[in-house]
Amino acid sequence: MRKRPRIRPLVSAQRPELSWTVCEKSSRRCVAARRRKQQRAVFQTAGRYFSAVFRPCVDRVWRVSPRPPYCNTFVCFERYMLLHSAGSRARHPERPERMLLSWNLLAERGLVTHCELAPSRLATAEELLACHSAQHVANILATKEEGFVDGGDTYTNEYTAEAARLAAGTLIDLTLAVVRGQKRNGFALLRPPGHHATKTQAMGFCFFNNVAVAARAALREPGVNRVLIVDWDVHHGNGTEDIFYEDPNVLFVSLHGHDGGAFYPGTGHLLRCGAGAGQGFNINIPWSCFGVGDEEYLAAFQSIVVPVAQVFQPDLVLVSAGFDAALGDPLGNMRLTPAGYQGILRLLLPLAGGKVVLALEGGYNLDSTARCVQACMEDLLRHGNGEDLPGIPSAQLLRSEPDVRVQCAEVLSDVRTVQRSFWPS
């Protein structure tokens with residue numbers, strides 16, 4: 001086999017500095033060319049994966065489906081986020097199909113044609129540093145050079161950092177569009193999720209706290225002084241609590257499984273009410289048992305969440321919309337139905353003049369997650385178009401076992417007792 005000739009560096013006796021300048025420029029061009037080639041390969045990989053798994057193709061749906069003359073609801077879907085994946089190494093619960101199948105169902109039902117696709121972008125360092133430490137941001141960005149790393153529950157690969165920045169940046173722009181009145185509401189299908197990410201630590205499948213970063217960005221907007229964050233994911237939003245624990249401009253409410261601290265992540269006790277200026281602006285509703293269903297969640301919203309929110313008078317409502325409390329979820333062991341999620345959302349939509357943004361968090365039963373996403377999107381579209389949304393008939397709600405109802409009633413009574421000192425009415 002003939003060997004390729006070895007290329008030697010150009011040397012000029014007369015002007016050596018010129019030779020090295022030429023070589024340096026050439027090297028820079030080569031590096032830039034390699035980077036462009038790598039980026040093309042990344043997006044080609046995303047496109048092949050997207051086309052192989054997803055039907056019907058979103059580009060085709062957007063091109064041929066009739067569009068209404070007005071769209072008051074934003075929806076976010078960025079296929080690059082699919083590349084954050086454990087691949088064939090493990091059947092990890094936080095996998096691309098969570099987002100894909102939800103989008104697929106929205107497309108099949110024709111819901112996406114009544115929305116406007118939110119543009120996607122990377123969150124800037126300044127935006128991320130509003131909620132996270134510089135070391136944490138640097139640690140996440142460094143994962144681009146490490147390839148796949150199995151960190152237990154929170155894996156990374158070479159695409160994780162960009163996917164996490166895309167999730168945060170896209171939610172920021174969607175939220176600001178709603179705040180500025182360009183749209184009435186929105187739903188961001190994002191991954192990786194974010195509500196477990198604290199100021200300094202990635203955990204629980206989360207890297208950057210998408211909802212927290214969006215809330216900080218919204219609070220910089222004129223006319224936005226108070227933000228309500230509702231976290232209905234079955235796991236406590238410990239990262240969001242950590243970031244806003246002393247902030248009186250953000251009211252954080254989390255409904256989650258607790259089981260005496262034995263349920264992941266073990267935080268979210270009802271006595272954690274905030275500190276300093278933020279005392280009273282952190283509300284935890286920790287369920288003491290599993291099997292909690294529609295009626296208990298609706299009772300929590302009707303008796304605690306909505307009354308407090310009406311006194312707080314938020315200018316924006318952000319929802320950490322995890323659907324792992326849905327019936328059939330392998331990690332949640334709760335019994336919420338799509339009708340139950342609709343009932344909860346209908347209680348939130350009148351707040352903040354209807355400026356409500358949902359961001360996908362958990363949800364690991366692919367079918368139930370997709371159906372719950374569809375139910376919420378239907379109500380966002382109806383409310384965005386000015387339709388009245390009545391309460392959900394009780395016949396459509398799933399009743400829990402008697403002992404579960406008793407335990408949940410005790411939890412709600414305890415929470416009201418604790419919060420009465422901060423919210424007397």
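## Nonpolar core

A nonpolar core is here a set of buried Ala, Val, Leu, Ile, Met, Phe, Trp, Tyr and Cys residues joined through side-chain atoms within 4.5 Å, where buried means under 20% relative accessible area with a 1.4 Å probe, protein chains only. In this predicted model, the largest such core has 118 residues, and those touching the most other members are Phe-187, Trp-232, Ile-285, Trp-287, Phe-323 and Leu-358. Helix 6 (residues 160–179) gives the largest share of this core, 12 residues.

## Basis of the model

This is a predicted model in which local features need pLDDT of at least 70 and side-chain atom pairs count only at pLDDT 80 or more, while totals for chains, interfaces and linings use all residues. Residues are numbered from 1 along each chain as its sequence is written, and side-chain values use heavy atoms, with hydrogens and water left out.

## Sheet and helices

Helices (H or I, at least four residues) and strands (E, at least two) are DSSP runs, numbered from the N terminus, and two strands pair if DSSP finds at least two bridges between them. An open sheet of 8 strands shows parallel pairing in the order 2-1-3-8-7-4-5-6, with strand 2 (116–117) and strand 6 (282–287) at its edges, each pairing on one side only. Strand 1 (residues 73–76) pairs with strand 3 (residues 185–188) in the parallel sense over 4 bridges, and Thr-73 stands opposite Asn-185 in strand 3.

## Confidence

The pLDDT, the predictor's confidence in each residue from 0 to 100, averages 87 over the protein, and 83% of the residues score at least 70.

Note on methods
Buried < 20%, exposed > 50% of the residue type's maximum accessible area, 1.4 Å probe, protein only.
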